Protein chains: 2
Amino acid sequence: MKIDVSTYMDKFLDSKLVEKYSNRKDEIFQKLNQANMNGWLNPDVSFVDQILEVRDEVLSHSKCLVVVGIGGSFLGAKSFYELFTPYFKKNDFPIIFAGTTLSSTYMKELLEYLETIDFTVNVISKSGTTRETALTYSALKKLLERKYRPEEVKKHIIVTTDPVKGTLRDEVNREGYRSFIIPDNIGGRYSLLTAAHLFPLSFCIDVKELILGYKEGVCLQDDAFSYSVCRRSLFDLGKVVENFVTYENNWYYYLEWLKQLFGETEGKDGKGILPISMIHTRDLHSLGQFVQEGNKIIYETFFKINNMPICDIDGKDLHKVNLIVEDSVISAHVSGGVPCIVIELDDISPRSMGRLSAFFFLVAAYSGYLFDINPFDQPGVEVYKAEVKRRLG
Amino acid sequence: MKIDVSTYMDKFLDSKLVEKYSNRKDEIFQKLNQANMNGWLNPDVSFVDQILEVRDEVLSHSKCLVVVGIGGSFLGAKSFYELFTPYFKKNDFPIIFAGTTLSSTYMKELLEYLETIDFTVNVISKSGTTRETALTYSALKKLLERKYRPEEVKKHIIVTTDPVKGTLRDEVNREGYRSFIIPDNIGGRYSLLTAAHLFPLSFCIDVKELILGYKEGVCLQDDAFSYSVCRRSLFDLGKVVENFVTYENNWYYYLEWLKQLFGETEGKDGKGILPISMIHTRDLHSLGQFVQEGNKIIYETFFKINNMPICDIDGKDLHKVNLIVEDSVISAHVSGGVPCIVIELDDISPRSMGRLSAFFFLVAAYSGYLFDINPFDQPGVEVYKAEVKRRLG
């Protein structure tokens, strides 16, 4: 993995601005080391073997897993699931991610579909009170109770929640469901190496490879800090939007996850860089025009993958063409006044993507501190919730 | 359909600013009426019966349609296909949209999948030279030539292109393929009512309903102009990002299409509003924090659907809950300093969505003129293409 925050920055950043933020390095490293919510720096993953046991048992009686969770209890697992699921071949053991919507069409069709298939529910919520999660879980539990005898239902529910308190923990204690915990010192968007993500992911990837990569990624502090300084400096120059750019369609959810990570971390006190994403080459024929010649508020982070499966078209290695297009776009955007950061990955594997994810957790935390805000809370999410409560009770 | 650009605007917009842009109404209506590229205002759809004939013939020998196109030859059909395709039930006659990527993984898996199924290709390109389209079409044509005898191959290729010139038109003339035309006076992003979209859509919706709605939508000039004036005024107040918000997951591509429409129309001469999109309630637990409390550069357009299928959960009509959450979010965002526009639709049907699409074409055209740019070109897309050509030949 190679992070390049300099090649395409010369004409945009001046050294004084960069120096100003670079000088805060010791202070910020110390802040993170002393933070209450820094459990993701060195998470305990000793529960992994237990996860694999429960997975094997689920595989023995179900044809599909329904994950019920939203936000930080959804996007990490969903991202990796999409990265490692074929585009056209039917998945032997599909994972359905529910609980992220109140759409009646979606829910109706989901319930109809689940009538026809043996499934297990993994409900994930720290508090147990998130409305989407609670409503979806309630509907799925009723369906399980119609489909199976009481002692069987128990096998089809796995709960991931707070270690001691909350409505879901109470239910686990009352009903004897299998359960995993979400630790107190790891917030949702930093929770990749908790059971919230590793249990669902154990059905589709080698989670031990992911963990290995992650542990390499949390060591990239210097690279992560340079990246944070670069983006913080660009913000001061009016580049208030970061565009994450991929050339692979199956990265869509991974970039949605980065948007959550950065948007929730930085969007406070009227501050923050707005994260957006584009999938090339699709979006070169869409928002490409805006990036090239529109309002100059954007800088970009490109992901470049060195090794991909070989596909020969008309005697050309298609990935080589894709890489040449990517370099051409970077060059065209830089000439057009758009600063570009480039992150090179060897390949798209659980290990590479685990490494990249841990790297981004560091970048998000450092960036929060560089904006002088708490990188680990999300007070604004409560504002609409309070309004819903007032209207719905 | 109801467009509300006033209820939540009082605290943001002052009447002088709105008046300044409103005064340009006559001038701008005249400009559009005299524009070369305004063919979408009253498109000739007399080819529809021919489309239905070709569709029936394709249905008789194929199990799937592969649409090869990008940008304006892709997003309209893809949006409507996604809106009207069930979430879980397998589609009897799937449509695959290829030609939007140079990903070797995607292409490899696509070609492997198409080995196993009888398919027809609809290649769509005005010039015939767009790289992604040309490469994908070339690979699919070779596959067809391996699968079928020469006289059979002819039945499996339908070309949508320029009426007289270009490499694809030449091929049609040489090989005798069936073909449809893309008229000269309708640009890609305004081309919903051309064969580029109506032919693929004839496989999944009643295109006559879509046309009916569209013809109602192009009459909404006054509403469209008010919307354009509102967003142009918000831009002057530093709201440089428009967030299109849906509460239905299957709107993802429809919002991508709006992003193309506005991004390509306005993003010129260093100007333009950056269009982004969010899917609620999913993104309330992601970028919701940023919108509520982050950098105040965003205003929003919410889509509200009055009638949806009924799904009862715990004695509650789920769509009613969804609507209450939507109202709560609008209220919370407005209090947080985020101006909101609300568009109410009766339902999600080909007619409603046709109407909405034509309305947005008007909004995009008027907005372009309010920014004093040509709403119908996209010169910036050529910049990276030239760079690719330099490197690849």
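The model is predicted: local features need pLDDT of at least 70, side-chain atom pairs count only at pLDDT 80 or more, and totals for chains, interfaces and linings use all residues. Residues are numbered from 1 along each chain as its sequence is written, chains are lettered from A and ligands numbered from 1 in the order in which they are written, and side-chain values use heavy atoms, with hydrogens and water left out. Helices (H or I, at least four residues) and strands (E, at least two) are DSSP runs, numbered from the N terminus.

**Cavities**

- A cavity is a set of points on a 1 Å grid over the protein atoms alone where a 1.4 Å probe fits but cannot get out; lining residues have an atom within 4 Å of a point. Grid points are joined across faces, edges and corners, and a volume is the space filled by probe spheres set on the points.
- Four cavities of 30 Å³ or more are counted.
- The largest cavity holds about 120 Å³. Its lining has 17 residues, and A:Y252, A:E256, A:K259, B:Y252 and B:E256 are the closest to its centre.
- Both chains contribute: α12 (252–266) and β8 (274–279) of chain A and of chain B each supply at least two lining residues of the largest cavity. The largest share, four residues, comes from α12(A).
- That lining divides into seven nonpolar, two polar and eight charged residues. Here Ala, Val, Leu, Ile, Met, Phe, Trp, Tyr, Cys and Pro count as nonpolar, Asp, Glu, Lys and Arg as charged, and the others, Gly among them, as polar.
- The second largest cavity has a volume of about 70 Å³. Its lining includes A:I276, B:I276, A:K259 and B:K259.
- β8(B) gives the most to the lining of the second largest cavity, four residues. Seven nonpolar, two polar and two charged residues make up that lining.

**Largest pocket**

- A pocket is an open set of points with protein on both sides within 12 Å along at least five of seven lines.
- The largest pocket holds about 2,500 Å³. It is lined by 49 residues, with A:E82, A:Y87, B:K78, B:E82 and B:Y87 nearest its centre.
- Its lining comprises 29 nonpolar, 10 polar and 10 charged residues.

**Strand β9(A)**

- Eight of the eight residues of β9(A), 298–305, are buried. Buried means under 20% relative accessible area, with exposed over 50% and partly exposed in between (1.4 Å probe, protein chains only).
- Both faces are covered: A:I298, A:E300, A:F302 and A:K304 lie on one side, and A:Y299, A:T301, A:F303 and A:I305 on the other.
- β9(A) pairs in the parallel sense with β7(A), residues 241–246, over five bridges; strands pair if DSSP finds at least two bridges between them. A:V245 has A:F302 as its bridge partner.
- Six bridges join β9(A) to the parallel β12(A), residues 340–345. A:E300 is bridged to A:C340.

**Helix α15(B)**

- Of the 21 residues of α15(B), 20 are buried.
- Just after α15(B), B:D372 takes a positive phi of about 60°.
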